[in-house]
Amino acid sequence: MKDRQFLIFAGTREGRELTEFLTKQQIPAIVCVATGYGEELLTQNEFIHVRTGRMTCTEMAALLHDMRPLAVIDATHPYADAVTDNIRRACGQEKTEVWRLLRGESVPEQTGETEFFETAADAAEWLRGRTGNILLTTGMKDFPVFAELPELRDRLFVRTLPQAEALAQIGKYGLSKKQLICMQGPFSSEMNTATLRMVNAKYLVTKESGNVGGFEEKTEAARACNVTCLVIRRPTREQGFSADEIRERILRLWREYAGEDNGVYAGKTFYDSGCNENHSAGGRTKKYGYRLLQEGAHDMHAEGNIRVTLLGIGMGSPENMTVEAADACRQADCIIGANRMLETVKGFDKPVVSLYRSNEIAAYIEDHPEYQNYAVAFSGDIGFYSGAKKLLETFLTHPCDKHIDVRLLCGVPSAACFASRLRMTWEDMALMSSHGREQNLVSAVSRNRKVFTLASDAKSIRSIAEKLERFGLGSVKMYAGADLTYPTERIYEGNASDFLDFDQSGVFSAIVCNENAGQEPVTHGIPDEAFVRGNVPMTKEEVRSVSVSKLCLTRDAVVYDVGAGTGSVSVECARMADRGKVYAIEWKEDAWKLIAENRKKFSVSNLEIVPGRAPEQFHDLPIPTHAFIGGSGGSLKSILRTLLQKNPDIRIVINCITLETVNETMEAAKELCLEIEDITSVSIAKSKPVGSYHMMTAQNPVTVIVLQGKTVR
């Protein structure tokens, strides 16, 4: 197979820089330039071969057909629109990918010293009625437009590239050689200033050529010399890629071809931008771990497939829809959604179907082949507690005779909308939903200064307020937003406790602000004196810290605290497993009140008190992932056996005060095939003041034993 390479149509500084990049990367290319002078500016080598001469569209197509390039890069001048059009038509004819290299724009605001024109002819006509010398820097292509006007010839000075055609052109129109300045850029502001002063120019004519074309240096010089700058705008706002994007595309395509296709040029060294790491190995280019998943926002809909667009319509009003979502609705053959969503899209005058269950939507699409393009509308954004997630999973698993292309379009999320109404940022906001879900809102409010939660009706707002009040957060600021973006939109403000009797109509969301959030330490080891105490035993601070650490909790852990006492371990675990649940199992009645008070004091709503003895109370509880045993009441072996029955992979930490308990634990672990992962003896001595001195007083040593269900191995 013939070696393939890239084809570049150059003619600008960016094109020359691109050929230098290809040489450095050892990537082969043919570079086409229009003139011999353009050829002189390029360095030919074993990788870069230059082809000189202007080509028609037919000639370009013939070249493409012969060389079959990997891709074509159009790096011609922004104003060479005829050449660009020929390149695009030739590539379309030969079905070859073409990338337009865009030059960055840099255009000043229009002032009294700057005039803008759509064409060179417009600029020449404007100069016709004015006096003063003119410096023309737009190149020989536009020169005849100005030279054809007798009023401009004697005062026209032309700066262009050093090429023989320039002398012939000025002679044709009767200009003297002193009116021609042949120089190769780039030009600094100082050089431009010197040139303007040399020709005593009153006007500078340039193109909207961007930073690379020296536009800023020209305008700076014009201001310095008090010269009026005439700017000829670009003919169109092109679609294309920056120089960096072009380089990335070349590297990516070359690696696929050279390293993974036929091995051509394999074993050479390739570099990422700014990286000099050699990626070749064993004589072939090494395959990268990453891959291109998607490129561009192009429509990849295949002929004959059903296209389904899952789109977020925002908060509900038609004005809140994105332009992209509205276009999807206009192009759809049928729109599906719940009734509230269909109200928003009814203005598109499309057939609508009221469905919201994922399996029903998938079945409808399969049963109605008369529609090829569906739009399924969801409120808010499809990535934020949206039914789009389940529907997407349904499409992936639902058998269908016809292939379905699924596209997702984001919408304005309710959190962003509500925050904007309150002139509030939402980058630091915890995002939750109280709508049909059980989430630890109390913990989120305790830890975050701002929390957004989806709700539903007034009842859900009351429920949020009641929960915050019950766990000591009734004084936090709360906002309830109803029917956002609709004509009936309302926003209510107050403390959380003010919403206990809330009774307003509408569809709600809430934002809770807690200025005191995040003040508590994030580590375990709450000081003993911070807990509400009584005559009930409590696991002391240092031992508690070691024990909780040994549990190795996850944020969604389900923990049994057996013999919870004052609830100190339960509180520590509940704060760490804020997405999970902790069950404080305790048979002493005087301990239940202490646990409840500590639960409220530390705002841990995911802590549930279970009165009664273990293991009898285990049966109605969810499957635990972890268990802490601070007191077994003489039923240690029975407790361990029941825990293993509920979860053979459970992790258990036991605190042993007596040697007999240590022995009992070891025997039970052996009998029940529990792995003894760790045994730690904790001996603590705490200081206490004695007059002007401090004396260390020893506490009873505690043995901390870690047991692990063996099936986890």
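Me: So a cavity is a set of points on a 1 Å grid over the protein atoms alone where a 1.4 Å probe fits but cannot get out. How many cavities of 30 Å³ or more are there?
Reply: Two cavities reach 30 Å³ or more. This is a predicted model, where local features need pLDDT of at least 70 and side-chain atom pairs count only at pLDDT 80 or more, while totals for chains, interfaces and linings use all residues. Residues are numbered from 1 along each chain as its sequence is written, and side-chain values use heavy atoms, with hydrogens and water left out.

Me: How much space lies in the second largest cavity?
Reply: About 30 Å³, taking volume as the space filled by probe spheres set on the points, joined across faces, edges and corners.

Me: Which residues line the second largest cavity?
Reply: Leu135, Thr137, Arg159, Asn192, Leu196, Leu204, Lys218 and Ala221; a lining residue has an atom within 4 Å of a point. Helix 9 (189-198) and helix 10 (215-224) each give two or more residues to that lining. Helices here are DSSP runs (H or I, at least four residues), as are strands (E, at least two), numbered from the N terminus.

Me: And how do the lining residues divide, nonpolar, polar or charged?
Reply: Four are nonpolar, two polar and two charged. Asp, Glu, Lys and Arg count as charged, Ala, Val, Leu, Ile, Met, Phe, Trp, Tyr, Cys and Pro as nonpolar, and the others, Gly among them, as polar.

Me: Pockets now. What volume does the second largest pocket have?
Reply: About 1200 Å³. A pocket is an open set with protein on both sides within 12 Å along at least five of seven lines.

Me: Which residues are the closest to its centre?
Reply: Of the 39 lining residues of the second largest pocket, those are Ser379, Tyr385, Ser386, Gly387 and His435. Elements giving two or more residues to this lining include helix 14 (358-367), strand 17 (373-378) and helix 15 (388-397).

Me: What's the order in the open sheet of five strands?
Reply: 16-15-17-14-18, with parallel pairing; strands pair if DSSP finds at least two bridges between them. Strand 15 (residues 334-337) has three bridges to strand 17, and isoleucine 336 has valine 376 in strand 17 as its bridge partner.

Me: Which strands stand at the edges?
Reply: Strand 16 (352-354) and strand 18 (404-409), each with a single partner strand, so one side of each has no neighbour in the sheet.
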